[in-house]
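Let's take a walk through a protein model together. Keep the picture handy and turn it around as you read.

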Amino acid sequence: MNTKVNLCGIELDNPVIPASGTFGFGYEFAEIYDINVLGTFSFKGTTLQPRFGNPTPRIAECTAGMINAVGLQNPGVEKVIGEELPKLKKCFHKPVMANVSGFSVEEYVETCRLLDKEEQVGWLEVNVSCPNVHGGGMSFGTNPQAAAEVTAAVKKVTKKPVIIKLSPNVTDIVSIAKACEDAGADGISLINTLLGMRIDLKRRKPVIANTMGGFSGPAIFPVAVRMVYQVSGAVKIPVIGMGGVQSAKDVIEMMMAGATAVQVGAANLVNPMACKDIIENLPLEMEKLGIESLSEIQRV
């Protein structure tokens, strides 16, 4: 069984990619298993300046999912380059995906410019879709012109493939994806979390200090499959599918919806071995379905 796929000119051993924010900078998981079994992974969302993130509580449980409002807590791009990437290099020997967030076009550009120089970084995943930070993030991803502006500006400062991560919290995902493609994006990743909220009945207040946050987990999988299908049919660049993926079957379903590779998010928080388990089960599911090579899978 051939599980290899090609993502923006870089070959992956398999299409399974832990999603940003659910896998840290990798070395924490490397203590549990050899993370080199992964296709790659998208490291923790990185901004130009360090961010403490949102106040606590930041997590709320839901039926078949969870809400988080961590708020892009990270040490800032210079520390990521100076401290996190050297630690990662000791345990991960493949190109890694750098996830970048910003609060202005200039911040996106400068962060990408700095990461472009890092040999370990294979792709830049530019997040224009974070729903739980104020004054940035999702505002760029809900408007085709704004998303295109970020895309075009970042493309000028990097030679690495630029993958734009889109928000599902829009009425027309296709127009935004096409605007990014027209502005030079090398790929699209979707979906980021849906916007959700829980209320504490006894306290009569929102569970999360931020009031709302990103809803993820298996409950959102059908929405993700639908959006991946819509976007992959409208653009010619690769699509990375994500949203509620828990199993090898889910990975294949995402690929039948048009995804080239598949990210796994919330499942990592429930089971740290989730991605390893999915990768080991992929050949078994392929055999059942008569699939010799994942790269042969056609969009339905």
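Pockets, a sheet and some rings

By class, 10 nonpolar, 6 polar and 2 charged residues make up the lining of the second largest pocket. Here Ala, Val, Leu, Ile, Met, Phe, Trp, Tyr, Cys and Pro count as nonpolar, Asp, Glu, Lys and Arg as charged, and the others, Gly among them, as polar. Before going on, know that this is a predicted model: local features need pLDDT of at least 70, side-chain atom pairs count only at pLDDT 80 or more, and totals for chains, interfaces and linings use all residues. Residues are numbered from 1 along each chain as its sequence is written, and side-chain values use heavy atoms, with hydrogens and water left out.

So what is a pocket? On a 1 Å grid over the protein atoms alone, a pocket is an open set of points where a 1.4 Å probe fits, with protein on both sides within 12 Å along at least five of seven lines, while a cavity is a set the probe cannot get out of; lining residues have an atom within 4 Å of a point. The second largest pocket has a volume of about 260 Å³, where volume is the space filled by probe spheres set on the points, with grid points joined across faces, edges and corners. Its lining has 18 residues, and Pro218, Gln246, Ala266, Ala267 and Val270 lie nearest its centre. Helix H9 gives the most to this lining, with 4 residues. (Helices, H or I with at least four residues, and strands, E with at least two, are DSSP runs numbered from the N terminus.)

Now for the largest pocket, with about 560 Å³ of space. Of its 33 lining residues, the closest to the centre are Ser20, Gly21, Thr22, Asn68 and Thr193. Strands S5 and S15 (261-264) and helix H8 (266-270) each supply at least two residues of this lining.

Let's follow S5 into its sheet. Four strands form an open sheet in the order S4-S5-S13-S10, with antiparallel pairing; two strands pair if DSSP finds at least two bridges between them. S4 and S10 (194-196) are the edge strands, each pairing on one side only. S4 (residues 59-62) and S5 (residues 65-68) are joined by 4 bridges, and they form a hairpin with 2 residues between them, where Ala64 in the turn has a positive phi of about 55°. Glu61 stands opposite Met66 in S5. On the other pairing, 3 bridges join S5 to S13 (residues 213-216), and Asn68 stands opposite Gly214.

Finally, look for the rings. There are 5 aromatic pairs in the structure: rings of Phe, Tyr and Trp (its six-membered ring) pair if their centres lie within 6.5 Å, with planes under 30 degrees apart counted as stacked, over 60 as edge-to-face and the rest as tilted. Phe23 and Phe29 are stacked, 4.0 Å centre to centre with 15° between the planes. Tyr108 and Phe140 sit edge-to-face, at 5.4 Å and 90°. Tyr108 lies in helix H3 (residues 105-116) and Phe140 in the loop between strand S7 (121-127) and helix H4 (144-155), so this pair ties together parts that are 32 residues apart in sequence. Both Tyr108 and Phe140 are buried, meaning under 20% relative accessible area, with exposed over 50% and partly exposed in between (1.4 Å probe, protein chains only). Ring pairs also link Phe23, Phe29, Phe41 and Phe92 into a cluster.
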